[in-house]
Amino acid sequence: MSTVVRYLRRRAAADYLIRKYGFGSYQTLCKGAVTGLGPVYQRAGRIVVYTEEALDRWAQSKLGEPQTSTSDARAA
């Protein structure tokens, strides 16, 4: 069974991140593309597109360890 890859333009990618993770705005994706700190993307001419897999990997990398209290020690 082959997997169909779905490509999302930047606004749709931001909507996907907000719906699924609660963070990741259009502006964050724009800045990440400039600084290299955003999710991996591809270009279709001038259009930037992201896969859901790349967005998920990036969002998961931003999440910290689970905590039970605000006084838990922060990772250095």
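I looked up the charges first. The chain of this predicted model carries 12 positive and 6 negative charges.

Next I turned to the fold. I found three helices and three strands in the chain. Reading along the sequence, I wrote their order down as β-α-α-β-β-α.

Then I checked the overall dimensions. The chain has a radius of gyration of 15 Å, whereas a compact globule of 76 residues would have one near 11 Å. Along the principal axes, I noted that the C-alpha atoms fill a box of roughly 50 × 35 × 20 Å.

How much of the chain is buried? I got 26% of the 76 residues. For the accessible surface I wrote down about 6,100 Å², with 52% of that area belonging to carbon and sulfur atoms.

I also wanted to see which parts of the sequence meet. Among contacts in the chain with a separation of 6 or more, 53% are between residues 24 or more positions apart.

My last entry is on the largest nonpolar core. I counted 11 residues there, among them L8, L17, V48 and W58. Helix 1 (10-21), strand 3 (47-51) and helix 3 (52-62) each give this core at least two residues. Helix 1 supplies the largest share, with four residues.

What does A13, one of the core residues, touch? Setting aside neighbours within four places in sequence, I found A13 in contact with L8, L29, Y50 and L55.

Notes
Residues numbered from 1 in each chain as written. Predicted model: local features only at pLDDT ≥ 70, side-chain atom pairs only at ≥ 80, totals over all residues. Heavy atoms only, no water. Rg over C-alpha atoms; globule rule 2.2 N^0.38 Å. Buried < 20%, exposed > 50% of the residue type's maximum accessible area, 1.4 Å probe, protein only. Contact = heavy atoms within 4.5 Å. Areas by Shrake-Rupley, 256 points an atom, 1.4 Å probe, with all protein chains shown as cover. Lys, Arg positive; Asp, Glu negative; His and termini not counted. Charge placed at Lys NZ, Arg CZ, Asp CG, Glu CD. Core = buried A, V, L, I, M, F, W, Y, C linked by side-chain atoms within 4.5 Å.
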